[in-house]
Amino acid sequence: MKHINLLIKPASSLCNLRCRYCFYADEAQKRADASLGVMTRETAETLIRGAYSAAEPGGTVSFAFQGGEPTAAGLDFFQFFTAEARRTRPERVAISFSIQTNGILLNEQWAEFLHRENFLTGLSVDGFKDVHDLHRVDASGEGTWNRVLRAKELLNRHRVENNALCVVTGALARHPDRAYGNLKKLGFRYIQFIACLDPLGETRGGRPWSLTPEAYGKFLCRVFDLWYEDWRRGDYHSVRLFEDYVHILIGDGAGTCATCGRCGAYFVVEGDGSIYPCDFFALDRWRMGNICENSLSELAKSDRAREFLTWGTEKPRECVSCPYFRICGGGCKNDWTAGEEGPRNYYCASFRALLDYAMPRLLTVARAELRARSR
């Protein structure tokens, strides 16, 4: 395999927060075993060896850590993992490290480590204090905004490259200017907005944090206005969705599978070494095997992997006549909902509203990028 992307959950679904909308806590509860444990050093060694064995010369291996809360595995685990990954790295294989964290456990030692090992660090921060503290709470029900800001200051002080992951709830969607403006004010140059999820199996829209397609579409259109104006003035801030669309229009392809609707971009590795094809489908139904028992190459060719990829090629009927299908590819199948005429993407109306509204300006940005490349 040329490019191997691993989304590793070293502490499984364990977390020191109790975010009310947490999709992974809900997903884990629907497995036979909600928490698959903290990854052992032996499992980590097996995973690293397995990744390098599957990597082609000249290829890349991306080690991305998520949760739950990945820092709950402890700094000692991460120090061991990175040392082992660097010690055993084949000469012609490039590696990278990243982590998505709520920031609560970060301290000076963590920040020094993240800087030294060149971790791209995603910080979960929901726009501004009122909305963040509404749902991102600790085990005592207290808001975590101030602690996240301390983590941000710590990362900046130690020159750790960091970006923002902002969950768009129904409440946040009502304040696009405030959310985007405040993330910029905090110094984030790279921002990813993701739609809040309702629990698996529930009819969408019934939770206090639920995000409707109409509200999401309006939010995206307004944030696009703000983003485009920054681009036009030369004060560029990356918003992942818009940037993905620009790259698709250029012909580069999208940076995220959710944007372009193509599955199979990475492996999810749970704490016990179990492998799944997608973070949104880390369920018993889609368990592919275990890295301690099977090679990555075997797992990638397994019946479960083929079944998942085949399922991913099935698209909602409305995609056939959609002018934007080559851009979004039907979107993430985690957003598919059942209807009388078959599956449909719950947020299809949101993305169509955005693309109808923004396409001329997206093309302007794409053409400017192409001109810049040709110089």
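This is a short chat about selected features of the structure shown above.

User: What kind of model is this, and how are residues numbered?
Analyst: It is a predicted model, in which local features need pLDDT of at least 70, side-chain atom pairs count only at pLDDT 80 or more, and totals for chains, interfaces and linings use all residues. Residues are numbered from 1 along each chain as its sequence is written, and side-chain values use heavy atoms, with hydrogens and water left out.

User: How do E3 and E4 run?
Analyst: Strand E3 (residues 94–101) and strand E4 (residues 119–124) run parallel and are joined by five bridges, and one of the pairings links Ser98 with Leu120 in E4.

User: Switching to helices, at what angle do H9 and H10 cross?
Analyst: The axes of H9 (residues 213–233) and H10 (residues 240–250) cross at roughly 75 degrees and come within 10 Å; axes are lines fitted to C-alpha atoms, for helices over the stretch in contact, and angles run from 0 to 180 degrees between N-to-C directions. The two helices are therefore roughly perpendicular to each other, a label for angles of 65 to 115 degrees.

User: Which residues meet there?
Analyst: Leu220, Val223, Phe224 and Trp227 in H9 meet Leu241, Phe242 and Val246 in H10, and the residues of this contact divide into seven nonpolar, no polar and no charged. Nonpolar here covers Ala, Val, Leu, Ile, Met, Phe, Trp, Tyr, Cys and Pro, charged covers Asp, Glu, Lys and Arg, and the others, Gly among them, are polar.

User: Is Thr256 buried or exposed?
Analyst: Thr256 counts as buried, at 15% relative accessibility, since buried means under 20% relative accessible area, exposed over 50% and partly exposed in between (1.4 Å probe, protein chains only). Thr256 lies in the loop between H10 and helix H11 (257–260).

User: Last one, how many disulfides are there?
Analyst: The count is zero, with a disulfide taken as a pair of cysteine sulfur atoms within 2.5 Å. For Cys328, the nearest cysteine sulfur, that of Cys322, is 5.8 Å away.

How values were computed. Helices (H or I, at least four residues) and strands (E, at least two) are DSSP runs, numbered from the N terminus. Angles under 35 degrees count as roughly parallel, over 145 as roughly antiparallel, 65 to 115 as roughly perpendicular and the rest as oblique. Contact means heavy atoms within 4.5 Å. Two strands pair if DSSP finds at least two bridges between them.
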